[in-house]
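Hello,

Here is the structure for you to look through. My notes on it follow below.

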Amino acid sequence: MHFRWKYCISLSFLAIFYLCGCYAPPAFKPITTVKPPKKVEPYIVSQLDRYFVRDWKYIVIHHSASPSGCAVEFDKYHREKRGWENGLGYHFVIGNGHGSGDGEIEIGNRWINQIDGAHAGVQEYNHYGIGICLVGNFNESYPTAAQMASLSALVGYLQDRCHISSENIIMHRHFRQTECPGRNFPYYKVLAKTVRW
Ligand SMILES: [Zn+2]
């Protein structure tokens, strides 16, 4: 009898714990999962370290001014509509999930072959500027968290590899009559993460 009581008390405690577990509020789950830069960086290094680099002075940031797109699409447009035989005017394109992956970095032919960009509209910046285009229209929307993470990692890598000073990380509108890369582009976030030379 003595043992039975002990058994009952133990069972009651177990039942209480079980019920509390059942009625506990659901555990917090993050709404989005963003690819952090520390995962992007090794990927960038493995992809880009294989290419020889020539002298570059600037990193010029653009937006595509379109809600979707990818390197192949822009390449076609630049070849067929602009008549540029080297195609894609940018060295890199960072996708937003519409046309290519969210935060995906596409490496253009002009980077692989280390040739001048066709993105700046000014000779100095086309010759010495590495053109990075983020897919999106940042007058109307914002770059995604994954795009910004990839941009920061890419800019950090390029600064390091090409010895580009932080004041030479610029937006297209810094030297040209344009809104590119859009009024909503958070330039300060890029600068906040750059390497100081
Ligand atoms: Zn631009």
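T144 sits in the loop that links β4 (129-134) and α6 (145-162). Helices (H or I, at least four residues) and strands (E, at least two) are DSSP runs, numbered from the N terminus. This is a predicted model: local features need pLDDT of at least 70, side-chain atom pairs count only at pLDDT 80 or more, and totals for chains, interfaces and linings use all residues. Residues are numbered from 1 along each chain as its sequence is written.

T144 counts as buried because it has 21 C-beta neighbours inside 10 Å. The cut-offs: 20 or more other C-beta atoms within 10 Å is buried, 12 or fewer is exposed, and in between is partly exposed, with C-beta atoms placed from the backbone.

Beyond its neighbours within four places in sequence, T144 is in contact with N96, G97, D102 and G103. Contact means C-beta atoms, placed from the backbone, within 7 Å. G95 is 49 residues from T144 along the chain, yet their C-alpha atoms are 9.2 Å apart.

Strand β2 (residues 92-96) runs antiparallel to β3, joined by four bridges. Strands pair if DSSP finds at least two bridges between them.

Now the sheet. It is open, has five strands in the order β3-β2-β4-β1-β5, and its pairing is mixed. β3 (102-107) and β5 (169-171) are at the edges with a single partner strand each, so one side of each has no neighbour in the sheet.

Best wishes

Notes
Two residues are in contact if their C-beta atoms, placed from the backbone, lie within 7 Å.
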